[in-house]
Amino acid sequence: MANKISINVNGKMHTGAIEARKLLSDYLREDLSLTGTHIGCDTSSCGACTIHLDGKAVKSCTILAVQADGCSVTTVEGLATNGELHPIQEGFKEEHGLQCGFCTPGMMMTATDLLKSNPNPSEQEIRDALEGNFCRCTGYHNIVKSIQYAAKKMA
Amino acid sequence: MTKYIGKSVKRLEDKRFLTGQGKYTDDIKLVNMAYAYILRSPYANATINNIDISEAKAQPGVAAIYTGADIPESIAGVPCGWQVNFKNGDIMKEPPHPLLVRKKVRHVGDGVVMIVADSRAIAKDASELIDIDYDIHDAVTDPKKAAEPGAPLVHEELPSNVCFDWELGNPKDEVAAALASAAHVTELDFTNQRVVPNAMEPRSAIGHYDTAYDRYTLHTSTQNPHLTRLLMCAFVLGIPEHKVRVVGPDVGGGFGSKIFHYTEEALVTYFSKILGRPIKWTADRSEAFLTDAHGRDHVTNAKMGFDANGKIVALQAYTYANMGAYLSTFAPAVPTYLHGTLLQGLYTTPKINVDVTATFTHTNAVDAYRGAGRPEATYLLERLLDLAALEMKVDPAELRFKNFIPAFDGVTQPGYQTQVALQYDSGNYEPVLKRALEMVGYEAFRQEQANQTNGKLLGIGFSTYIEACGIAPSAVVGALGARAGLFESAQVTVQPTGKVSVYTGSHSHGQGHETTFAQVVADKLGIPIEDVEIIHGDSDRVAFGMGTYGSRSLAVGGSAIVKSLEKVLEKGAKIAAHLLEASADDLEYNDGKWTVKGTDKSVAFGDVSLTAYVPHNYPEGIEPGLDFSSFYDPTNFTYPFGAHIAIVEIDKETGAIKLKRFIAVDDVGNVINPMIVDGQIHGGLAQGIGQALHEGAMYDEDGQLINGSYMDYCMPRADDFPSFEIDRTVTPCPHNPLGVKGAGEAGTIGSTPAVVNAVIDALWKGGHEVKDIKMPMTPERVWNAMQD
Amino acid sequence: MIPTSFDYKKANSVEEALSMLGDDTQILGGGHSLIPALKLRLNSPGTLVDISKISSIKEISDGGDSIAIGGGATHASIANDKSLDQYCPMMGQAAREIGDIQVRNVGTIGGSIAHADPAADWPAILLAADARIVVQNKNGSREIAADQFFKGFFETALEEGEIITAIHIPKSQKNSNSCYVKFKQPASRFAIVGVAAAVEMDGSVVKSARLGLTGVGEFAYRATAIENALTGKPLNETTINEVVQNATENTNVMSDHFASEKYRAHLANVYLKRALRKLG
């Protein structure tokens, strides 16, 4: 059965009719072709699908698209403004915080949420905050440095 | 001349990934595309009596349902690309690996039915309406038990589960005699457990048949599109290779698991023509756990003998290697030519024998996983060495210094001939361990360890490793059983305006080739890096390639680029000489221009390239254009090495291990981009440490993978690691033009035994003289070791 | 991973939600227990009634002698609540240990305790806090003491057609303190052993203690024998070692590939001691 939804994604309103069972991650990827949000697991563990829902980092694979009706969503595609990289994007580039790039969007969305509540996190606080984001390439070493870079830049 | 080489140039490919514009296979949407779901066996060993698809087929939106009966007998299945022979010369057992099983499933996850529908949801819904009647049989999952008489047979047409047996090195009696006369023998039984690669991007494949051109396109998450095309065309589907395009777009990590040609790639390709629609299949993570080729899974007994001075006199190793139910693409090579051949390590051991039995079990296939064989060899050697040091009450670092092969550069001094077939290219082993000891502050650490009083146990573990990288030359790997050449190709196309397109057969899935290769090209041509584009991953754009694995891309693929660049400069010089009215011999090339030596007469690279394409004023006998292809087949493997040290702290009450520090000093030869090499080392370390502390696939007796999700399989997280402390020495490779050795696997190969050795060291210091803790070293396993 | 088809109804009030409940319906709160189960098709309801938009059950408010936490309050909002840090510090400590940032931003306390995973954190804390769980049904509302709420393996005192609207956490007295310590299952980071300890002192001796354990048995329980043994004694190393002998008495200790029965029981003692030491 189709459910009408209206969602603001990266500042743009999207309305449509979807199945109730459609996950927000699938809605973003399939219906809106915003494929920067990735799906890496079935168990809400890996964090590759992390987006901001009303300003907070959430795992879009564990939210129904219908639940996002009336909400505002930011995906990785919405991080940069007017072609200018967000400091977190700049940090990941400068500190080589990404290799294959698959976990990167989720990492950055979690990191920006962290920096909102804790603008100057310690290394341990950063590592703890990444509990819900898996990376197989970097050993997390440069991801930590990337977030430190962004924190400094945003201070 | 080296504006870029040796510099940490920021990655040119980053922007698309940072802005969500990376294009992975599942991101691709084709017109009229249908979606496949593969219904897999829930049993490890069962006979299929009947498959009823009638109800599922009738569902709205279901386009087709295919079973093994829909695949012609002529399509036997996916092949194995490496042949190992039995000791008696017989060819290894190589049973077929069908695209969809007709009669007998052999592991949980074996594909039985492919449902194709208008959406993933419809395909999944329909799959639940399919009724398969199975007779369930006993299973065997352990590689050693599988070799025992009476074990349930994985392939009933074979006499046993043994795929092959194999031996390398000095005669066993010579090794036995040396061990018998040794002053001390350390013996260890251990398991190098099965791990799941877990590239973060689950595998995905889209098959598309274009009737207008009678041509197939396969987009797939692969590390080597051309090899996939070759295997699928020539050995599976029997379709002409020129009628198939294989694209490996952005790929979200591989770690070995995306080298291999998988059944799903052939299925979506084959059935896209029959259905008349593109078909996309993407694995769920649960499916990835069951079907991505796993790694390691060796059961080993090894003995190392020492003389009274602590010199190693002999090594004997017996290993059972688990192949899984079917032979994956390179599976037979891993426990043999990538493992047995590395048992010389960094040491002068005069007598070595390794004996391997590979067996089939009712489990998912096992194949190359980051390091592939070399981590297993390193684990064997380094565990024995640290344990021997404890048993003989000598310092583990000293024991290594005593046994290191003396330095040799491979140029003025010959390479080092091992007892196990390989000849090392160049090596200087003492400095890496010395530097690591300096970084760790060894004496101070031993003091701290001796004085510890806080209810914790501190331990230090060492690992000094060597690896064979490059996975080439072709003649050598061919003699060792490879059914493919292992060279690399590169085409350098200089555009009329002097911009350069480089087509490489290497494939980047995180390694940063688009930057590192561009650094090499920009420096060799003396042009800005922005003027270079690296193109890879598409068999229609890149003429041929062997792909990326075995830390080979820069050493082999990079060298192929250098060869083409040399041809460009050679031809360019002739054109320049004509323009300058000089002899080519009188020219020198610097900073992007040819200059007549000793004069200020010069012509720029861009002027020469333009002349090559607008050849109005042009030398006679020279073809227009500036475009060269090369194939590079090296003369030897490359041999990176290093020293890793782990420091751990054990909670005596719980057995929980905290990795406090990890020091790695690696020598990967010359370094083009230090930032990228460091990143490769970091990631490798995390995977190697992950195996020691966190990861391990567990099959129960019925052949069920009991930790097939992230809720049960422990993926290492950011808070499991300290920041790594790394450094390097540089011993150039003497036989390739860049002097590089490869960095992709070093971290994984060296790190695992260092961590285990550190835990064993801590336990001995606490009075628990255990020889082994099974990996992953869970708190309970460590706690149990302290309960004696 | 796609759930089976279902209908979706969004409730704007608890009353509306209750009116939507019926045969083959399930309540969707934060969804962080339910949606994973739907995706794996371990659960396939006909209709989901979404209560996650009902603002009245998301608040955390001062209820005089207790703090009232809405059933729809997220773990993150509990983690960030200053009054809870003051009156029941173990609440915030536990909230910050649940899942990860993303999970805490969406997952709710009501959803978690209704699901009653034997390895979830909240049950141990609610037992130790002497919490009262307020549930509403079509006939009104009722309160269930935490001691009566957790009844078995994924089993609670919640009945069909009931919604958890609030959890009342009594404000701790002066001279009281509480804490939560946890030994995590390394993959899921759920509790292999989680111990919530709340102790009220009378001068230098324990006046009363409540000790909740999760992850150990088929459902969370209180170590009442140890609570009793602590009473009247000074909270020091000698007492702790003396009274914490068998934290799993009368409990059917679970065993899995992360922790055998023997090891889990051992950890229960170790972590109970650690919790008490933090309060001592």
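**Walking through the chains**

Mentor: Start where two chains meet. Chain B and chain C bury about 2100 Å² between them, and carbon and sulfur atoms give 53% of that area. Keep in mind that this is a predicted model.
Trainee: Why quote an area for an interface at all?
Mentor: The accessible area lost when the parts come together is often used to give the size of an interface.

Trainee: OK, chain B itself. How many helices and strands?
Mentor: Chain B has 18 helices and 28 strands.
Trainee: What does the radius of gyration of chain B say?
Mentor: It is 27 Å. A compact globule of 788 residues would have a value near 28 Å, so the two agree. The C-alpha trace of chain B spans about 85 × 75 × 50 Å along its principal axes.
Trainee: How much of chain B is buried?
Mentor: 66% of its 788 residues count as buried. The accessible surface of chain B is about 25500 Å², and 50% of that belongs to carbon and sulfur atoms.
Trainee: What about contacts in chain B between residues 24 or more positions apart?
Mentor: They make up 80% of the chain B contacts with a separation of 6 or more.
Trainee: Which residues of chain B does a cis peptide bond join?
Mentor: Met775(B) and Pro776(B), with omega about -10 degrees. Pro776(B) sits in the loop between α17 (746–765) and α18 (779–785) of chain B.

Trainee: Switching to chain C. What is it built from?
Mentor: Chain C has 12 helices and 14 strands. Its radius of gyration is 19 Å, close to the 19 Å from the globule rule for 280 residues, so chain C is as compact as a globular protein of that length.
Trainee: What does the C-alpha trace of chain C span?
Mentor: About 60 × 45 × 30 Å along the principal axes. Of the 280 residues in chain C, 60% count as buried.
Trainee: And its surface, contacts and charges?
Mentor: Chain C exposes about 10800 Å², with 45% supplied by carbon and sulfur atoms. In chain C, residues 24 or more positions apart account for 62% of the contacts with a separation of 6 or more. Its 28 positive and 31 negative charges have mean positions 6 Å apart.
Trainee: What is the phi of Ala116(C)?
Mentor: About 55 degrees. That is positive, although Ala116(C) is not a glycine. Look for Ala116(C) in the loop between α7 (109–115) and α8 (122–129) of chain C.
Trainee: Is Ala116(C) buried or exposed?
Mentor: Buried, because its relative accessibility is 5% and the cut-off for buried is under 20%.

Trainee: How does chain A stand against a compact globule?
Mentor: It agrees. Chain A has a radius of gyration of 15 Å, and a compact globule with 155 residues would be near 15 Å. Its C-alpha trace spans about 45 × 30 × 25 Å along the principal axes.
Trainee: What share of chain A is buried?
Mentor: Buried residues are 66% of the 155. Chain A exposes about 4900 Å², and carbon and sulfur atoms supply 48% of it.
Trainee: How many charged side chains in chain A?
Mentor: 14 positive and 17 negative; the centres of the two sets lie 2 Å apart.
Trainee: Where is Asn10(A)?
Mentor: In the loop between β1 (2–9) and β2 (12–19) of chain A. Phi of Asn10(A) is near 50 degrees, a positive value in a residue other than glycine.

Notes
Residues are numbered from 1 along each chain as its sequence is written. Chains are lettered from A and ligands numbered from 1 in the order in which they are written. This is a predicted model: local features need pLDDT of at least 70, side-chain atom pairs count only at pLDDT 80 or more; totals for chains, interfaces and linings use all residues. Side-chain values use heavy atoms; hydrogens and water are left out. The radius of gyration is taken over C-alpha atoms; the globule rule is 2.2 Å times the number of residues to the power 0.38. Buried means under 20% relative accessible area, exposed over 50%, partly exposed in between (1.4 Å probe, protein chains only). Accessible areas come from the Shrake-Rupley method with a 1.4 Å probe; for residues, only the protein chains shown count as cover. Lys and Arg count as positive and Asp and Glu as negative; His and the chain ends are not counted. The place of a charge is taken as NZ of Lys, CZ of Arg, CG of Asp or CD of Glu. Buried area is the accessible area (1.4 Å probe) that two parts lose on being put together, summed over both. Helices (H or I, at least four residues) and strands (E, at least two) are DSSP runs, numbered from the N terminus. Contact means heavy atoms within 4.5 Å.
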